[in-house]
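Welcome, and please open your viewer.

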Amino acid sequence: MTHLPTPRAAVTALPPYVPGRPPTPRPGLTTYKLSSNENPYPPLPGVVEAATRAVERMNRYPDMGCTELYAALADRLGVAPESLAAGTGSVAVLYHLLQAYCETGDEVVFAWRSFEAYPIAVAVTGASAVPVPLTADGRHDLDAMAAAITERTRVVVLCTPNNPTGPALTHAEVEAFCARAPEHVLVVVDEAYREFVRSPDPVDGVALHRAHPRVVVLRTFAKAYGLAGFRVGYALAHADVAAAVRACALPFGVSSVAQAAAIASLDAEDALLERVEALVAERARVYAGLVAQGWDVPDAQGNFVWLGLGDRALDFSAAADEAGLVVRPFAGDGVRVSIGEPEANTRFLELAARW
């Protein structure tokens with residue numbers, strides 16, 4: 001029998017990350033994947049061409065400093081390039097941030113249920129996760145989160161809009177929270193779905209960054225920009241914090257193709273806004289349809305809706321699969337359904353009505 005070294009206890013105890021799976025083929029039925037909050041539209045104009053040009057240079061290493069990407073983002077956001085740190089998706093940037101600031105004995109506070117990668121990212125560092133229950137309507141309980149901060153807390157993560165439940169925080173709420181957070185705590189504002197928010201007083205991550213040096217804003221090109229397959233996200237933070245994040249990043253992690261595609265996507269903002277508005281309109285249609293059917297749905301501000309089905313989550317997921325839809329169940333809690341093609345959304349509404 002082979003005896004191998006034992007992984008760290010923190011690693012063996014990690015909860016698994018469960019990705020949205022592809023749909024089961026159904027003969028004679030078009031199937032749709034509504035499990036990963038992906039943008040159903042193809043790449044934005046000019047993106048494939050820019051990516052193809054980058055592919056032709058695949059024998060060369062990517063620019064580890066993401067020079068052109070940082071310059072484009074700095075120009076778009078009105079910030080210094082030194083305040084940016086990119087990674088393979090905003091979740092990777094969060095991993096790097098926690099590696100830079102957390103170790104065994106530290107604590108990280110976040111709402112729960114929220115993005116399922118949070119407890120995994122915390123556990124990898126050896127720090128302790130402090131999940132704070134959401135309110136009954138799927139929102140962050142900011143007072144309870146503030147009360148959960150101790151001398152051991154190093155980071156607090158706010159997810160707005162919250163994945164998977166959907167409600168967004170207001171700028172005033174986050175501003176007040178940042179103002180009361182102790183000096184030894186970094187406040188991470190995860191804005192992965194910011195482009196879809198249509199609520200009053202939306203969070204302005206750039207303004208928070210300027211007002212509070214300890215705020216770190218996470219953004220991604222995976223959702224609204226439709227680059228989920230290329231994995232590129234970034235943090236906006238104080239230059240010293242951004243430098244610490246970059247120091248922990250995997251060398252050459254963001255590929256040349258991903259960098260080129262992200263820059264080209266920034267240049268295609270008009271087309272991006274059209275697609276986002278179409279998805280927001282579909283979200284409104286789905287939300288209104290569910291409410292009319294009698295469902296109690298939290299305010300949906302991302303590109304998804306949440307059904308708090310509790311113990312029936314897996315049953316609903318199985319019924320969706322039979323209907324040619326794959327959704328994302330969270331056993332014992334509920335089901336998250338991405339906003340996809342209009343045909344997929346209509347079929348989902350029909351399933352929800354039957355259910």
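Start with the second largest pocket: by class, its lining has 16 nonpolar, three polar and eight charged residues. Here Ala, Val, Leu, Ile, Met, Phe, Trp, Tyr, Cys and Pro count as nonpolar, Asp, Glu, Lys and Arg as charged, and the others, Gly among them, as polar.

Before you go on, note that this is a predicted model, where local features need pLDDT of at least 70, side-chain atom pairs count only at pLDDT 80 or more, and totals for chains, interfaces and linings use all residues. Residues are numbered from 1 along each chain as its sequence is written, and side-chain values use heavy atoms, with hydrogens and water left out.

**The second largest pocket**

This pocket has a volume of about 450 Å³. Select L77, R194, E195, R219 and Y225, which are the closest to its centre among the 27 lining residues. A pocket is an open set of points on a 1 Å grid over the protein atoms alone, where a 1.4 Å probe fits, with protein on both sides within 12 Å along at least five of seven lines; lining residues have an atom within 4 Å of a point. The volume is the space filled by probe spheres set on the points, which are joined across faces, edges and corners. Now colour α3 (67–77), α8, β7 and α11 (269–293), each of which supplies at least two lining residues. The largest share, four residues, comes from α11. Helices (H or I, at least four residues) and strands (E, at least two) are DSSP runs, numbered from the N terminus.

**The largest pocket**

Next, select Y17, S36, F115, K223 and R231, which lie nearest the centre of the largest pocket, out of 35 lining residues. The elements giving two or more residues to this lining are α4 (90–101), α5 (117–125), β7 and β11 (328–330). The space here is about 600 Å³.

Stay on K223, in the loop between β7 and β8 (233–236). An unreviewed UniProt entry lists K223 for "modified residue: N6-(pyridoxal phosphate)lysine"; such annotations use the numbering given here, have shortened feature names and may be inferred rather than shown by experiment. Is K223 buried or exposed? K223 counts as buried because its relative accessibility is 17%, where buried means under 20% relative accessible area, exposed over 50% and partly exposed in between (1.4 Å probe, protein chains only).

**Strand β6 and its neighbours**

Select residues 186–190, strand β6, where five of five residues are buried. L186, V188 and D190 lie on one side, with V187 and V189 on the other. Look for V155, whose bridge partner in β6 is L186.

Then show β7 (residues 215–220), a parallel partner of β6 over four bridges. From β6 the chain crosses through helix α8 (residues 205–211) to β7 in a right-handed β-α-β crossover. Right-handed means that, with the strands pointing away from the viewer, the path from the first strand over the helix to the second runs clockwise.

Most residues other than glycine have a negative phi, and most peptide bonds are trans. Select T160 and P161, joined by a cis peptide bond with omega about -5 degrees. Finish at N37, whose phi is positive, near 55 degrees, in the loop between β1 (32–33) and α2 (47–55).

Conventions:
Two strands pair if DSSP finds at least two bridges between them.
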